[in-house]
Amino acid sequence: MSNRTVTLIPGDGIGPEVAAATVKVIEATAVPIQWETYEAGTEVFNKYGTPVPNEVFQSIVRNRWAIKGPITTPIGAGYASVNVLMRKTLNLYANVRPAKSSPGISTPFKNVDIVVVRENSEDLYSGLEHVVVPGVVESLKIITETASLRIARYAFEFAQRHNRKKVTAVHKANIMKKSDGLFLECCQKVARDFPNFEYSEIIVDNACMQLVTKPHQFDVMVMPNLYGDILSDLCAGLVGGLGLAPSVNVGENVHLYEAVHGSAPDIAGRNLANPIALILSGAMMLVDMGEIEAADRIERAVLSVLERGETLTGDLGGKATTTELTDAIIHEMRVVA
Ligand code: NAI
């Protein structure tokens with residue numbers, strides 16, 4: 001086992017609570033990890049004039065592994081999204097969001113197992129907006145061949161690495177013929193290099209309808225940024241909600257793990273948040289570090305706690321606190337070890 005240093009950004013809202021839970025669970029695996037902890041977000045912005053000081057980026061680049069809690073983005077005004085800033089600055093071009101059913105969590109469909117691969121660097125998240133004339137605003141949707149080929153290739157290689165069977169490209173090229181048209185062309189081009197995979201295409205509105213009626217037809221789904229943001233929340237809802245949905249942002253040399261959910265200001269600071277999404281993101285990190293057995297112990301413990309159903313947080317219909325759910329997972333890890 002090699003010693004690793006991981007940059008930890010607890011974030012704000014429920015971030016510090018779910019980040020503390022994640023550290024506790026990862027430490028219970030005994031994988032030797034040192035944490036370099038940094039603040040980011042509103043308070044940091046008020047102090048330093050930037051929500052993410054340079055030293056945070058330097059730490060992530062140096063360590064190459066990072067776990068981040070959610071960070072609130074002011075609506076309509078204030079600084080741009082910290083998340084978008086980090087993804088752009090660190091060139092985190094792929095956002096991988098698995099959505100897998102858990103036994104014990106009652107949802108309309110059993111055995112859903114979908115991975116959304118979201119292009120993370122461009123599209124309508126480029127932050128290029130301006131007022132054309134008062135009352136008219138233009139927001140630019142940027143789609144490039146380079147980023148589209150890169151994300152399509154990432155999706156197929158991910159499918160290959162994880163023994164998946166099918167990749168579906170999601171688009172709206174019937175309306176945005178040039179931008180989504182280019183995205184689709186790139187997916188088709190890459191698909192030709194992976195003849196062993198089933199490849200399909202679906203228009204984004206139909207994808208939403210099909211996901212909530214016949215989700216089992218989907219395996220790996222690849223799409224531009226905005227559709228990925230929306231469809232991955234939808235997929236999280238299919239398997240029990242945001243409290244269970246992990247993710248990783250991938251760059252050339254950096255992995256930044258975070259939950260799909262936001263800072264949940266409505267329940268922040270009350271020990272009510274479900275920490276499982278960030279804990280499972282931590283397990284994804286352990287897999288990528290090659291610590292398969294440790295990751296497996298966490299995942300099995302989470303599944304047992306969910307299946308038992310005695311220690312669930314409010315979002316899952318229970319009454320347990322963040323601390324109680326975390327401790328139940330750690331207790332279960334010792335049992336399944
Ligand atoms: P949200 O995900 O924070 O909350 C949506 C709903 O889900 C709320 O009712 C919340 O209580 C619940 N929820 C979310 N996570 C939960 C958890 N772990 N346990 C139990 N319940 C949970 O989305 P919202 O309200 O749209 O965004 C709040 C803030 O978070 C915004 O400022 C937004 O910009 C930011 N955000 C940050 C993200 C990030 O840092 N990666 C991602 C998404 C949103």
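Axes here are lines fitted to C-alpha atoms, for helices over the stretch in contact. Keep in mind that this is a predicted model.

**View 1. Helix 1 packs against helix 9.**
Here are residues 15-28 (helix 1) and residues 276-288 (helix 9), with axes 8 Å apart and an angle of about 45 degrees between them. Angles from 65 to 115 degrees count as roughly perpendicular and those under 35 as roughly parallel, so this pair ends up oblique. As for handedness, helix 1 passes helix 9 in a right-handed crossing.

**View 2. A look at the residues where helix 1 and helix 9 touch.**
From helix 1, the contact takes in Val18, Ala19, Ala21, Thr22, Val25 and Ile26. Helix 9 answers with Leu278, Ile279, Gly282 and Met285. Sort the residues of this contact by type and you get 8 nonpolar, 2 polar and no charged.

**View 3. Cys187 sits in no disulfide.**
Searching the whole structure for disulfides turns up 0. For Cys187, the nearest cysteine sulfur belongs to Cys186 and is 7.0 Å away, while a disulfide needs the two sulfur atoms within 2.5 Å. Cys187 has a relative accessible area of 1%, so it counts as buried.

**View 4. Cys208 and its closest cysteine sulfur, in Cys235.**
The gap from the sulfur of Cys208 to that of Cys235 is 9.0 Å, so the pair is too far apart for a bond. With a relative accessible area of 23%, Cys208 is partly exposed.

Conventions
Residues numbered from 1 in each chain as written. Predicted model: local features only at pLDDT ≥ 70, side-chain atom pairs only at ≥ 80, totals over all residues. Heavy atoms only, no water. Axes fitted to C-alpha atoms, helices over the stretch in contact; angles between N-to-C directions. Helix = DSSP H or I, 4+ residues; strand = E, 2+ residues; numbered from the N terminus. Parallel < 35°, antiparallel > 145°, perpendicular 65-115°, else oblique. Left-handed = near helix turned anticlockwise from the far one by under 90°. Contact = heavy atoms within 4.5 Å. Nonpolar A, V, L, I, M, F, W, Y, C, P; charged D, E, K, R; others polar. Buried < 20%, exposed > 50% of the residue type's maximum accessible area, 1.4 Å probe, protein only.
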